[in-house]
Amino acid sequence: MSATELREFQQAAGVKTHDLRHRAILQKATKTHHVGVEKGKQRFLDWEDARSQAAQIKWDALNHLDQYLEQFEATVKKRGGHVYWAETGEQCRDYVLALCKKHGVKKVVKSKSMASEEIHLNEIFHEHGIETIETDLGEYIVQLRNEPPYHIVTPAMHLTKGDIGRLFAEKLGSDPNATAEELTMIARGVMRRHFLTADMGITGGNFLIAETGSVVTCTNEGNARLSAGLPKVHVAIVGIEKVLPKLEDLSLFLPLLSTSGTGQALTVYNVLWNGPRQADEPDGPEEFHVILFDNGRTNLLADVEQREALHCIRCGACLNACPIFKNVGGHSYGTTYQGPIGSVITPHLRGLAEFKHLSYASSLCGNCSEVCPVHIELHHHLLQNRRNSVRKGLGGEIERLAFRAWAWAMSNARRYRWANRLGRIGLRVLSTPAIKGSMLDPMRGWTETREFPPMADESFKDWWRNRERGA
Amino acid sequence: MNEARERILDRIRVAMREKAPRREMHDPPKAWYPELPADPETLIARLAQELTVLKGEFHRAANEAEARQKLRELCDQNQFRKIAASDDPLLRQLLEGREVNWIHATAKAGASLESFDVGITRADALAARTGSVLLSARTGTGRALSVLPPIHLVIARKDDVLVDIGAGIQAWQRLYGPNIPSNCFIITGPSRTADIEKVLVLGAHGPKRLIVMVVG
């Protein structure tokens, strides 16, 4: 099991790191993001202080989670909404399908929901003959390409305008050389029809406000407002960790999310979904359902050391900051959540044995922790995943023996000196052109694509000893 | 019926017995944002500035007569034929003489608003710091009126202009108490996307134009 995911990751990463076109696109996108974020941070009085306060609020939420979820549920129900708790993807899917059956749903419009990606909801709908349309432009694009989202915030980040123009030409019959504006207007026209005729709207939730029983969505396009404003039924699928205690917390968290996510002061539409249509409102859904989604989050909650990974507000900043992400890209991870946060949480959601390799695919530079708006110490959690996997005996026998040998050699000065001497001889042999990068080279994985740095004539130890003697 | 509920809550309660390590804050917390002078003219100027940067449009009318005049000009310049508006006393006054589809609590709204040129509403508050409009399905008479037509026009009074969304959220809490509408929105500029190679395009799904007029 672990071998497959690991192998797929290595293969995908191996291909992508050599894809210079892909690298150029990614570098441009992440650079633009970085510039925007730096500018956005200036709007805060003290960004570092704001981050720390956000971390406190999230700590309160995730360390009193039962109280806040119960408060949220009671408030939603009082207003005529429904709350369903789903432990697993199957339960979530079954609930949604039952609703579809009850209401004779033939068409669903979806606003972005990473939680729904976890359970491959679109495929299930497809199997049941329910048409489902992704309304976020980036999600719509990858849906047309039959691909998963590349990035949790910007799903089509890996595509150029030309790629998208050709895609629309193929699938929608439009001009392959259309501008970004023209392509967007084409999508707008396509979506309009769907918004007006859909039977059900499914959204995610960026936040759950315990105090007021609100699901909060943040979009720029307005697709959530239309997905959940017009159809008869609105279903919001939201991870249980998205809780914020009070409505006023939004005045910190909405700008925090938009700043780290896209560099904006606020996304265009920050919307509170509080319930079904009220008696004094001329439109809105007859039914409002919130699915509180677990799917492994309680595993992470139970791990006191790593619980803070649940503070994540899904801004995507750590992805854009990560040198590994910037080389291998989002699809290589093969998981719903990519980048540092994905590497930290996926083992808890889907298994340590299967996904520990992602925690190893890191240089531990710490940039992720640096940019996280809620101060999650992501690189520490990557290390903890590694440690946990070794403790559980998932490291493999060769790795275990290699480290024991290394520890043995390092724990004694004389052994260390001899290891050094042998090492130097070994490196000299390995760096000869006949051996370097060939089948005989045990470091082939490294040396195949890298230059060998020239070795100094003497080791530092010897140089120092000789210098001392000389002096 | 929802047996998973008890199981999930049980797992959470067990986990909650041990609190996670808490980050220390060494100094007293600061305000999140720089202070803004609270006088109306400064706030309105900031609102106008932010809205313009967002490619929204800002108009100021000193009084109702001027507002009526400006509205007439806007309708003519933009050739607003089919107008939908919240059934509100101020809007009734300013749009007097025009043919308007008045949307009130029991009107038919929703998808039927698709064919209109403009949706006109009041606002619960305007937030100067970010150029935002706070609106609800109660004040904005429904969910569709302010998002389905290609242009959203907001008419607000001078004292609707507050410092920021924090103040706006407090205003919501005062205005609605526990009886909040089913849908509340914070609108910051016209609809946009940058999903195609980070090129900014307006009018992705929501209104392509957001026009805000402050009266007073």
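**Entry 1: second largest pocket**

I then asked which of its 39 lining residues are the closest to its centre, and got A:E117, A:N122, A:E123, A:E147 and A:P148. The model I am working from is predicted.

Next I checked which elements supply the lining of this pocket. At least two residues each come from helix 6 (114–118), helix 7 (121–127), strand 3 (131–134), helix 8 (137–144), helix 9 (161–172), helix 10 (180–197) and helix 16 (339–350) of chain A. Helix 8 of chain A gives the most, with five residues. By class, I noted 13 nonpolar, 16 polar and ten charged residues in the lining.

**Entry 2: helix 4 of chain A**

I turned to helix 4 of chain A, which has 14 residues. Its span from first C-alpha to last is 20 Å, close to the 20 Å expected at 1.5 Å a residue. I listed its buried residues as A:L65, A:D66, A:Y68, A:L69, A:F72, A:E73, A:T75 and A:V76. An α-helix has 3.6 residues a turn, so residues three or four places apart point the same way. Just after the helix, I found A:G80 with a positive phi of about 90°.

**Entry 3: helix 4 of chain A against helix 1 of chain B**

I looked up how helix 4 (residues 65–78) of chain A and helix 1 (residues 3–16) of chain B are placed: their axes come within 8 Å and cross at roughly 145°. From chain A the contact uses A:L65, A:D66, A:L69, A:E70 and A:E73. From chain B it uses B:R5, B:L9, B:I12, B:R13 and B:M16. I counted the classes as five nonpolar, no polar and five charged residues.

**Entry 4: A:L230**

I located A:L230 in the loop between helix 11 (223–229) and strand 7 (233–239) of chain A. Leaving out neighbours within four places in sequence, I found A:L230 in contact with A:F195 and A:L196, and with B:G110, B:A111, B:A144 and B:L148.

**Entry 5: A:Q306**

Is A:Q306 buried or exposed? I count A:Q306 as buried because its relative accessibility is 0%, and the cut-off for buried is under 20%. I placed A:Q306 in the loop between helix 13 (297–302) and helix 14 (317–321) of chain A. Not counting residues up to four places away in sequence, A:Q306 touches A:L300, A:V344, A:H348, A:H381, A:Q384, A:N385 and A:N388.

Terms used. Residues numbered from 1 in each chain as written. Chains lettered and ligands numbered in written order. Predicted model: local features only at pLDDT ≥ 70, side-chain atom pairs only at ≥ 80, totals over all residues. Heavy atoms only, no water. Axes fitted to C-alpha atoms, helices over the stretch in contact; angles between N-to-C directions. Helix = DSSP H or I, 4+ residues; strand = E, 2+ residues; numbered from the N terminus. Contact = heavy atoms within 4.5 Å. Nonpolar A, V, L, I, M, F, W, Y, C, P; charged D, E, K, R; others polar. 1 Å grid on protein atoms, 1.4 Å probe; cavity = no way out; pocket = protein on both sides within 12 Å on 5 of 7 lines; lining within 4 Å. Expected span 1.5 Å × (residues − 1). Buried < 20%, exposed > 50% of the residue type's maximum accessible area, 1.4 Å probe, protein only.
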